[in-house]
Protein chains: 2
Amino acid sequence: MAKETIFFKNPPKIITTATLAGNKEKQGPISEFIDEFMEDDKFGEKTFEKGETKMLSHVIGKVIENSGLSLGDIDALIAGDLLNQIISSSFAARNYSFPYIGVYSACSTMSESMLVGALLTSEKYMDNIICATGSHFSTAERQFRYPLELGCTRPPQSQWTVTGAGACLISNREFAQIEFPKIVAGTFGKVIDYGVTDVNNMGAAMAPACADTIVTHLKNTGKSETDYNLIVTGDLGVLGSRIVKDLVWEKGYDINAIHVDCGEMIFNIAEEEYQGGSGAGCSAVVFNSFFYKKLLEKKYNKILFLATGALLSSVSSAQGESVPCISHAVELEI
Amino acid sequence: MAKETIFFKNPPKIITTATLAGNKEKQGPISEFIDEFMEDDKFGEKTFEKGETKMLSHVIGKVIENSGLSLGDIDALIAGDLLNQIISSSFAARNYSFPYIGVYSACSTMSESMLVGALLTSEKYMDNIICATGSHFSTAERQFRYPLELGCTRPPQSQWTVTGAGACLISNREFAQIEFPKIVAGTFGKVIDYGVTDVNNMGAAMAPACADTIVTHLKNTGKSETDYNLIVTGDLGVLGSRIVKDLVWEKGYDINAIHVDCGEMIFNIAEEEYQGGSGAGCSAVVFNSFFYKKLLEKKYNKILFLATGALLSSVSSAQGESVPCISHAVELEI
């Protein structure tokens, strides 16, 4: 039988995180947990893209600072983002002198990078690894949809790309005094495509991939949904979250009481946000701020974190393709 | 000290490969080692992008067929490519029901995927993994440079993107009768940028990153350059290959007699190819055809394989950025 789920032999720890977000995110319900906010949407740079690079570079720097480690202690950076050729990550990595492992699974990049980081540290091939990702409303909007200047009307099934970046430091060091959340297991997702062609309806497109990974992970670990305090999805939004609960329920699991979605948490969903937040930065910011802190406080002891990604490009959509999706699962415990 | 180089505890084997290329590659010096060629540049599809997806999907299918394994034995696909949001890989992965790990380091994707694959199989977290990448002249040209219909003149420092795809199957299974090349060690590269802004001069941009990884790998393994039969780089081309030899020589290593470049090998460099081949498919095709077969025959016993990647996008170049580059090294032995 194929080995879809990984059980880390020496579960590595997340010893610190760093988060940065924009002004809109500052108005949201979980803003008190986010470390820093930008005054300026371009973060002092000339373009939104350069601003996004600086955001990533900033949280990478912060996570090193928070950890008390020196630059020379960092073995690698694992990062990716939504921009073509993941330039935000690659250009951010240029500012640092440690190895760089570029990954991409759209908005599921945070959980993918955490699994690769856990792989490297669990077996002590490396000791300290930074995982980072982010997104920016203005870069995503003009790359995937329309020029910002057009001021296009957004349909009600749409989501609002989070302007934010998050990073965490995964380590296999031993600590006598402090307990940290550990990455104990994970499941790499499959690419699932139910034929959604509406590029504004990412929640509906991503829900089947997310449901598949949840069910696969529960089956392979022999766990019940009630073994987790929470099952946290990345950016399914309001509609996508309803669909994932239904799809998982059809397979015999009831996650209604324990499912939360980062996309539903980051904004006060009032008007233009419609289905909530999206983007690689959505789960990166919410996981590395709110959930990491709640795990540290032991408010939660066990969560399953599934960032969710839509693997389209503007070219694939223009050529009439539907939207294949993926979701990677990370099991955390303290 | 940072752990930049990985020594696999249970070196996994490459048990089979598959390669596919276009008509221009068929005229090249190593064509007899390439498994299959396409008659039609779109591989029967309506667009070049869909053709590229089909090429990747095809070599993934072939490598499974060659291995004698069933679909259910494959634990994961690790893939990436040059198209925005690595759509060729993601859409190819949609055709298969195993987990998918998307990676990106431009034309260094082949060696990055092999290192991640070796990590997963060395510790038996997974048993059989497919690594794949590819590129297409026509999709790369219109995405990174100019519309094909313009018929732009190419400058003499330019390279020709390889139309081709390659895949290999990494496994930790034991074989009593047959010996296979093993992945014994590897070094993830750093992002290095010497300030080259000419997007037609990828060889010069990539050479410093490649030289850095070669020197780092030799230092960390305590090996001398003469411990290898060959040091094989990805797609530096004629000019880049000269530069890498100079840069490595400045650090006290002489690789003049043992360095070869896949970009210099794949085409008869006559006129329009100028510096030779490039693209993620260049090293993917040449490594998985010529070098894999020469390793199997024990013509070579030990090679260091470094695919080389330029991490630019059309947006970063339009915004005046230079070209950050990376190269990941894989040490193979039989």
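These legends accompany several close-up views of a predicted model. In this predicted model, local features need pLDDT of at least 70 and side-chain atom pairs count only at pLDDT 80 or more, while totals for chains, interfaces and linings use all residues. Residues are numbered from 1 along each chain as its sequence is written, chains are lettered from A and ligands numbered from 1 in the order in which they are written, and side-chain values use heavy atoms, with hydrogens and water left out.

**View 1. B:Phe137 and B:Trp160 form a stacked aromatic pair.** Rings of Phe, Tyr and Trp (its six-membered ring) pair if their centres lie within 6.5 Å, and planes under 30 degrees apart count as stacked, over 60 as edge-to-face and the rest as tilted. Over all chains, the count comes to 16 aromatic pairs. Here the rings of B:Phe137 and B:Trp160 are 4.1 Å apart centre to centre, with 5° between the planes. B:Phe137 belongs to helix H5 (residues 137-144) of chain B and B:Trp160 to strand E7 (residues 160-161) of chain B, so the pair ties together parts that are 23 residues apart in sequence. Helices (H or I, at least four residues) and strands (E, at least two) are DSSP runs, numbered from the N terminus. B:Phe137 is buried at 14% relative accessibility, and B:Trp160 is buried at 11%; buried means under 20% relative accessible area, exposed over 50%, partly exposed in between (1.4 Å probe, protein chains only).

View 2. In chain A, ring pairs link A:Phe33, A:Phe290, A:Phe291 and A:Tyr300 into a cluster.

**View 3. The charged end of B:Lys9 sits over the ring of A:Tyr125.** The distance to the ring centre is 4.8 Å. A charge sits over a ring if NZ of Lys or CZ of Arg is within 6 Å of the ring centre and within 35 degrees of the ring normal. Within chain B, B:Lys54 lies over the face of B:Phe43, 5.0 Å from the ring centre.

**View 4. Take a look at B:Gly279, in the loop between strand E12 (277-278) and helix H9 (280-296) of chain B.** B:Gly279 is buried, at 1% relative accessibility. Not counting residues up to four places away in sequence, B:Gly279 touches B:Leu82, B:Cys107, B:Ser135, B:Thr161 and B:Asp235 (contact means heavy atoms within 4.5 Å).
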